[in-house]
Amino acid sequence: MPILDKKNRINCGEFIHPITIQRLSSTGIPNELGIVTKEWVTLHNTRAKIVNNTNKEKYIKDITEYSVVSKKFYFRTPKTIKFKSNDQILYDGDKYNIVSVYDYDDKKIITLIIADLIEG
């Protein structure tokens, strides 16, 4: 069994926030108009450690400044699922667009996902 380095150690008691990871999937069956619909399908339900990402960048859109709300999600790596950047995370009633996926400890024990809040 792999042993985590002290600098990468995360206490399992920190995984307290329930999250759902979803992927956009095609139903494959056209509706009455002949259009194939897509829907979000749940890939993985788990508990995670969540840390606010210190993103101090401000963007200008239509002369108004706004900043991006970003979070880091740490959770145990499932052996059968490979996460992609086009997946989304549901947490506390909000949707987060996945920006990047990392193997946090290089031993495939903990996954780190950085995600931005989807406004609206």
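How many residues lie between β7 and β8 in their hairpin, and which residue in the turn has a positive phi? The legends below take this predicted model view by view, starting there.

**View 1. The β7–β8 hairpin has 6 residues between its strands.** D106 sits in the turn and has a positive phi of about 60°. Strand β8 covers residues 110–117. It is joined to β7 by 7 bridges, and the two strands run antiparallel. Within this pairing, N97 has D116 in β8 as its bridge partner.

**View 2. The β6–β7 hairpin has 2 residues between its strands.** D92 lies in the turn, with a positive phi of about 55°. β6 and β7 run antiparallel and share 4 bridges. One of the bridge partners to pick out is D94 in β7, which faces Y91. Strand β6 spans residues 88–91. Strand β7 spans residues 94–103.

**View 3. The β1–β2 hairpin has 5 residues between its strands.** Here the turn holds G34, whose positive phi is about 85°. β1 takes in residues 17–30 and connects to β2 through 11 bridges. Their directions are antiparallel. Q22 is bridged to T42 in β2.

**View 4. Strands β1 and β6 meet in an antiparallel pairing.** The two are joined by 3 bridges. T20 stands opposite L90, a residue of β6.

**View 5. Strand β2 pairs with strand β5.** β2 runs over residues 36–52 and β5 over residues 70–76. The strands are antiparallel, with 4 bridges between them. Zoom in on V51: its bridge partner in β5 is K72.

**View 6. The strands close into a barrel.** It has 6 strands, in the order β1-β2-β5-β8-β7-β6, and the pairing is antiparallel. Neighbouring strands of this sheet are turned by 45° against each other on average, with direction ignored. Strands of a sheet pair through backbone hydrogen bonds, either parallel or antiparallel.

**View 7. F73 and Y96 form an aromatic pair.** The structure holds 4 aromatic pairs. In this one the ring centres are 5.5 Å apart and the planes stand at 70°, so the contact is edge-to-face. F73 belongs to strand β5 and Y96 to strand β7, so the pair ties together parts that are 23 residues apart in sequence.

**View 8. The largest pocket holds about 320 Å³ of space.** Its lining consists of 13 residues. Nearest the centre lie T77, P78, K82, K108 and T111. Strand β7 gives the largest share of the lining, with 3 residues. By class, 6 lining residues are nonpolar, 2 are polar and 5 are charged.

View 9. For the protein, the mean pLDDT is 83. Of its residues, 80% reach 70 or more.

Key: Residues numbered from 1 in each chain as written. Predicted model: local features only at pLDDT ≥ 70, side-chain atom pairs only at ≥ 80, totals over all residues. Heavy atoms only, no water. Pairing = 2+ DSSP bridges. Axes fitted to C-alpha atoms, helices over the stretch in contact; angles between N-to-C directions. pLDDT = per-residue confidence, 0-100. 1 Å grid on protein atoms, 1.4 Å probe; cavity = no way out; pocket = protein on both sides within 12 Å on 5 of 7 lines; lining within 4 Å. Points joined across faces, edges and corners; volume = space filled by probe spheres on them. Nonpolar A, V, L, I, M, F, W, Y, C, P; charged D, E, K, R; others polar. Phe/Tyr/Trp six-rings, centres within 6.5 Å; stacked < 30°, edge-to-face > 60°.
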